[in-house]
Amino acid sequence: MNKQYWSSRIRDVEPYVPGEQPKDRRYVKLNTNENPYPPSPKVLAAIEAADKDALRLYPDPDCAALRETLAEANGLTPEQVFVGNGSDEILAFCYLAFMDDETPAIFPDITYSFYPVYAAFFGNNVRIVPVREDFTVPMDQLMQDDGTVVLTNPNAPTGIAVGLDVIGELCEKNPNHVVIVDEAYVDFGARSAVPLIEKYENLLVVQTCSKSRSLAGMRIGFAFGNESLIAALNTVKNSVNSYTLDRLALAAAKAAVEDQDYTHDTCMRIANSRETTTGKLRELGFTVLPSSANFIFASHKTVYAGVIFKKLREKGVLVRYFNKPRIDNFLRITIGTPEEMDTLVAAIQEILEEEA
Ligand SMILES: *Cc1c(COP(=O)(O)O)cnc(C)c1O
């Protein structure tokens, strides 16, 4: 392609590739960790009740009502809360706010694949920490106080979680740097580090409405941390785009945060399906990593993951396959409804017979 008009900043950038959102047919869609259950009825009611005439007016740039709700739900003050257009936006702001030439990004080699993309795009140095053979993260190597740590907990695409004691130690051993904990999947089985914010001024916790609150289509993310970290994020935001959340998203997010029972209930259902599916896949000869998320990471003992991925697709079941070193024999499978998981297991059974 002719890149004559492109800035030098982007000429060599390799952008992130989002999971497929196919339009050619109906799939059992287990490839982008969306929630199989609809948003809370209270969320839908809040969107219905939103003042449509007010859509001609800009939304509240401070997102004050939503931040108050989030503060109350998390035992924080509104000054300790930031909201953004999806947590991807917040993570991008974090790179601008907390990393520069002297402060690299430090993260595991197997983690959310957006992290290296941000670093390359914003020109930040990185220190990449290889995970162990069992895909656990060697935490001591994230405790060198030599840059901004970015840790997904539970990790993606492995699903492996660490405890709060580990997060606490991470903050303690990096006193001069920010520790960002990306909790996109925390509600499915791990413990949130939000209660540690009072103790560690370098801790920033990032969450999203996309996974546990069934609102991927509305683009809502949160960050919690010390007032100074939140002020840094506001400085970035107000230098790029002050109105990041629209009026409908603000209304939906508030209702979603208030309806914690619904979130808890749907997350429990997904966690149960996860355990059932894990058992069935293990019986079929898969190694399945212990997951605390709404997906599992699985590898078959004889049939190559790339083959299963392709054949599942032909059978109308989409999962995620990363053709990357160390994980190219694994499938990341989102947990759908029990019926969807039955379809998946039946399709895999067929494929294993065909490949035997
Ligand atoms: C899905 C995901 C996000 C992005 O969530 P959005 O709020 O939809 O932008 C962030 N981090 C991880 C690890 C994710 O898997």
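Guide: Arg269 lies over the face of Tyr37, 4.2 Å from the ring centre, where a charge counts as sitting over a ring if NZ of Lys or CZ of Arg is within 6 Å of the ring centre and within 35 degrees of the ring normal. The model is a predicted one, in which local features need pLDDT of at least 70 and side-chain atom pairs count only at pLDDT 80 or more, while totals for chains, interfaces and linings use all residues. Residues are numbered from 1 along each chain as its sequence is written, and side-chain values use heavy atoms, with hydrogens and water left out.

The charged end of Arg25 sits over the ring of Tyr27, at 5.0 Å from its centre. Turning to rings against rings, the structure holds 18 aromatic pairs, that is, rings of Phe, Tyr and Trp (its six-membered ring) with centres within 6.5 Å, called stacked with planes under 30 degrees apart, edge-to-face over 60 and tilted for the rest. Tyr16 and Tyr112 form an edge-to-face pair, because their planes stand at 65 degrees, with the ring centres 6.0 Å apart. This pair links distant parts of the chain, 96 residues apart: Tyr16 is in the loop between α1 (8-11) and β1 (28-29), and Tyr112 in the loop between β3 (105-108) and α5 (114-122). Helices (H or I, at least four residues) and strands (E, at least two) are DSSP runs numbered from the N terminus. Ring pairs link both tyrosines into a cluster whose members include Tyr95, Phe107 and Phe114.

As for the strands, an open sheet of 4 has the order β9-β10-β13-β12 with antiparallel pairing, two strands being paired if DSSP finds at least two bridges between them.
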